[in-house]
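Okay, thanks for making time, everyone. Let me put the chain up on the screen, and then we'll walk through it together.

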Amino acid sequence: MTTELETLVRELQEQRADAAPDPDRLRGALPALIARRRTTRTVVATVAAVLVLALAVPVTLSATGRRQAGPPAASPVPAATPGIPLRYGPTWVPDGYRERRRGLLVVDRETGSAVFRRWTDGPMLGQFQPSVRYLELEIVEMPARPGPTPDGVVDINGVAGTVFIGAAPNSTVVVTWQIDATHTARVQASPAISPDDILRVARSVRPDPAVFSPPVRQGRPGALPSGKYDMTADDPGHWSATLVVSDAAPLLTLKATVGPAFDVPEGGDPVRVRGATGRIVATAPPASNLKWTLTLVVTLPDGRPLTVESSVGGDPSAARESLVRAVDALVIDPAPDVSWAR
């Protein structure tokens, strides 16, 4: 027997084939995800695009669905708060999957924020492995706004959820629904995970007391600045944490990673930062880009590497001191909570 989502996939593919004079050409022109194809038709960008474009902040979020009641919306969390509520989590995931990523995206009070969690059936640290399958849950806080037209509707515990289906073979299926009055939930998974399992995961989502404390943040009082804060851990002893912000004037962007980093340039000039000697490398932009990249690398007292990348306009030598000051001001937790990665 087919599942609800499998039926939707088949019906939508048949409808597209009937309407297309040249099916092969149509399939080649369609992107992998209908949700991405329709981004330009939405009032604001989808959360998926936000998470893929790691340096593209500030950003906006999109959500769909309905719900009558629920808890009040959360504002950007004060820096003194020990943990940011993740609010919800699945009570069922496929066998062999473990939670290996947690994060927070802060935009502003008008646009809202989002927390995200990822479960995989293999390690995430190291170079990207296409064979590793993933399952992701995003909880989005934002005012009600129009969203993209869905490919189908499913029932998520009595709430009408929307489905976005990729037209290409082996595309992902995304399920979105209004989980309470002020939050939208979104489940997306690797193509290797069956539509039936994706729907089962979505229907298993329940309130969860889990929290996330950003291991790396800017040293500013009050609410966390707009940016992306996340942590990836294969186990409590192997983890990395990243902060990405655009509010780092006079620097255009700032991306700080504690732990393994990749594609780090060699060489550079010595620099004193955070009480140690690090190195700073200026990478010239390609002909089509006027932005230089400054990369600062230093070893923290616990032996972990800190890699900070920044985009700068004009002469990069003028931004060196600004980058050093920004790195000195970072607040880095020497012993973050990684107990969830087990």
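So, arginine 279: its bridge partner in strand 18 is valine 297. Strands here, like helices, are DSSP runs numbered from the N terminus, at least two residues of E for a strand and at least four of H or I for a helix. Strand 17 and strand 18, the latter covering residues 291–299, pair in the antiparallel sense over five bridges. When I say "pair", I mean that DSSP finds at least two bridges between the two strands.

Before going on, the ground rules. This is a predicted model, so local features need pLDDT of at least 70 and side-chain atom pairs count only at pLDDT 80 or more, while totals for chains, interfaces and linings use all residues. Residues are numbered from 1 along each chain as its sequence is written, and side-chain values use heavy atoms, with hydrogens and water left out.

Back to strand 17. On strand 16, residues 269–273, we have another antiparallel pairing with strand 17, residues 276–283, again over five bridges. There, aspartate 269 stands opposite isoleucine 280. The hairpin between them has two residues between the strands, and arginine 274 takes a positive phi near 50 degrees.

What else sits against these strands? Helix 6, residues 320–328, has Ser322, Leu323, Val324, Ala326 and Val327 buried. Buried means under 20% relative accessible area, exposed over 50%, and partly exposed in between, with a 1.4 Å probe and protein chains only. The cover over those buried residues includes strands 15, 16, 17, 18, 19 and 20.

Leaving out residues up to four places away in sequence, leucine 323 touches Leu251, Leu254, Ile280, Leu294, Leu296, Val308 and Ser310, where a contact is heavy atoms within 4.5 Å. Leu323 is also one of the residues with the most contacts inside the largest nonpolar core, along with Trp177, Leu296 and Leu306. That core has 66 residues; by nonpolar core I mean a set of buried Ala, Val, Leu, Ile, Met, Phe, Trp, Tyr and Cys residues joined through side-chain atoms within 4.5 Å.

Next, threonine 257, which is found in strand 15. Is threonine 257 buried or exposed? Threonine 257 counts as buried, because its relative accessibility is 10%. Its side chain makes a polar contact with the side chain of threonine 242 at 3.5 Å. A polar contact is a pair of N or O atoms within 3.5 Å; within protein, one must be able to donate a hydrogen and the other to accept it, and residues adjacent in sequence count only if both atoms are side-chain atoms. Not counting residues up to four places away in sequence, threonine 257 touches Ala241, Thr242, Pro305, Leu306 and Thr307.

There's another hairpin to look at. Strand 6, residues 152–156, runs antiparallel to strand 7, residues 159–165, and five bridges join them. Strand 6 has a covered face of Gly152, Val154 and Ile156, and an uncovered one of Val153 and Asp155.

Now the charges. How many salt bridges does a search of the whole structure find? It finds 12, a salt bridge being a side-chain nitrogen of Lys or Arg within 4 Å of a carboxyl oxygen of Asp or Glu.

One of them joins arginine 186 and glutamate 138, with the closest N and O atoms 3.3 Å apart. That pair links distant parts of the chain: arginine 186 is in strand 9, glutamate 138 in strand 5, and they are 48 residues apart. Arginine 186 is buried at 9%, and glutamate 138 is buried at 1%.

Lysine 228 and aspartate 230 meet in a salt bridge too, at 2.9 Å from N to O. Lysine 228 counts as buried at 5%, and aspartate 230 is buried at 5%. Elsewhere, salt bridges that share partners join Glu99, Arg102, Arg117 and Asp208 into one network. Within it, arginine 102 and glutamate 99 have their closest N and O atoms 2.8 Å apart.

To finish, the whole chain: six helices and 20 strands, with buried residues making up 50% of the 342 residues.
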